[in-house]
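Here is a short report on aromatic side chains and their surroundings. Please keep the structure in view while reading.

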Amino acid sequence: MKTTSKSKKTTLLVAALMAGTQLFAQSTDTLNTTNYVRPFSPESSFRTWSIGVHAGSVSGYTPFRGKDDWHTDNIKLGYGAYIKKQILPSWGIQANFFRGQLAGTDPAGTSGYTRFETDINYAADLSAVFTLANINWRHQQGVIQPYLMAGGGFTGYKPHLYTANGTERTVTSIKNGGSISEFYIPVGFGLKFNVGQGINIDMGYQVNFMNSDNIDGYTYANNFDKFSYGHIGLEFALGKSSKPQLATHNPVASMRTEYLMKTNALQGELAAERARNEKMRNDVAAAEAANSTRIAELNAKLDKFTADSDGDGVPDFYDKCPNTPPGTKVDGSGCPLVITRVVVTEADRKVVKEAINNLEFDFGKATIRPHSFPSLDRVAELLINKNFSLKLAGHTDDVGSDDANMKLSKDRAESIKSYLVSKGANPSRIEATGYGETQPIASNKTAAGRQKNRRVEFTLF
């Protein structure tokens, strides 16, 4: 009996595993990717704008009964439209417009009136719409979307009061035959049924809370008025039909589809990887045999490329001047370096000194005066022909602030450099520095001393 019991348990376990495998295979084989959008896709992947039209019944009766002005509320026709922007699958903003009528008979108090009729010329509001859930989680698009909405807006209306003999009485709050404009708060709920690609049936009910006791033209018990509107209509999604509506999109089902798609792809990749690994093992075995011979050949070539007979640091294979004496400095090709010495002659210094003596700037500026140009031209020619380097050091006296003097000395040195470069001198061989008033060569207490301190030094090397 024990053996039979164990056998039954084993059979049941195997059957359960086979059934689970079949169920998983069905879920992957019958995967529906219609209107599929990858999780966390941008808003541009969906249709987020929609418009709707609706009509229905308007009544002063609401679930929030209290001290109502009239005992009997007549049902009247109302109609409206809206445009909606869906921000998230569960939340959107909707602009609503509505028109209709209200009517009632038998006032609650002794007013002398028997009935009222109110023309609601317009009611416009901006509301937030919250989609509560998508009922079928296994589909990319929810078939039914319950929703809640609330917002605020303004309405314009005109009430009419009538006595028992049918005479209309003027409502005192209306001036010159106009209408009343007033703030109101709409609160409602409903269901949307997805019946086509971008088409929904919209069934809803809302209560509109007024900001006064005046929509019926009759004030009684100091209680703010309210009226209800039950409607049915159609909603049309705007945009490309190939994109799903964000309001009906099911992100959980989208993540499930993404998981199943990646699972199927991974199974295929694993099978291909097994085949590649088997082929790789065979290729490695063949390559190992061939590599032994090649390594020996590479070692022989390496010895040839690294041999340096004269010890100058350049391998014989690249050495164009072999057998150089020990200690000789060589270039990259192994040949001795030729060192050229740059000599600054007395004539060169005279050219520079003449340029210094003739150098003048506009007062307080870095602008070189034209009569200094000829001597600077000769310095530029010297730099070009002999490839000299030049250091320009700007100095000032102590008149003015430290920062201003430092800037002026730097600007004057840079101005000379710019002029020499414009004449063809190599800018990388000219250094321009400003020292301000920090390195005087004479006393700043006398005019002559200050004149000497205002200078630009040329150092040729």
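Predicted model: local features only at pLDDT ≥ 70, side-chain atom pairs only at ≥ 80, totals over all residues.

The rings of Phe-154 and Phe-183 form an edge-to-face pair. Phe-154 belongs to strand E6 (residues 144–162), Phe-183 to strand E8 (residues 180–196). The pair thus links parts of the chain 29 residues apart.

## Other aromatic pairs

The count of aromatic pairs is six. In one of them, Phe-64 and Phe-209 have ring centres 5.4 Å apart. Their planes lie at 55°, so this pair is tilted. Phe-64 sits in the loop between strand E1 (49–59) and strand E2 (70–74). Phe-209 is in strand E9 (residues 199–210), and 145 residues separate the two.

Phe-64 is partly exposed at 46% relative accessibility. Phe-209 is partly exposed at 27%. Elsewhere, Phe-98, Phe-227 and Tyr-229 make up one aromatic cluster.

## Charges over rings

Two tyrosines come next. The charged end of Arg-115 sits over the ring of Tyr-162, 4.0 Å from the ring centre. Lys-192 lies over the face of Tyr-147, 5.3 Å from the centre of that ring.

## The chain as a whole

The protein chain has 461 residues, and 35% of them count as buried. Its secondary structure consists of six helices and 13 strands. Among contacts between residues at least 6 apart in sequence, 67% join residues at least 24 apart. The chain exposes about 27,500 Å², with 59% supplied by carbon and sulfur atoms.

Definitions and conventions: Residues numbered from 1 in each chain as written. Heavy atoms only, no water. Helix = DSSP H or I, 4+ residues; strand = E, 2+ residues; numbered from the N terminus. Buried < 20%, exposed > 50% of the residue type's maximum accessible area, 1.4 Å probe, protein only. Contact = heavy atoms within 4.5 Å. Areas by Shrake-Rupley, 256 points an atom, 1.4 Å probe, with all protein chains shown as cover. Phe/Tyr/Trp six-rings, centres within 6.5 Å; stacked < 30°, edge-to-face > 60°. Lys NZ or Arg CZ within 6 Å of the ring centre and 35° of its normal.
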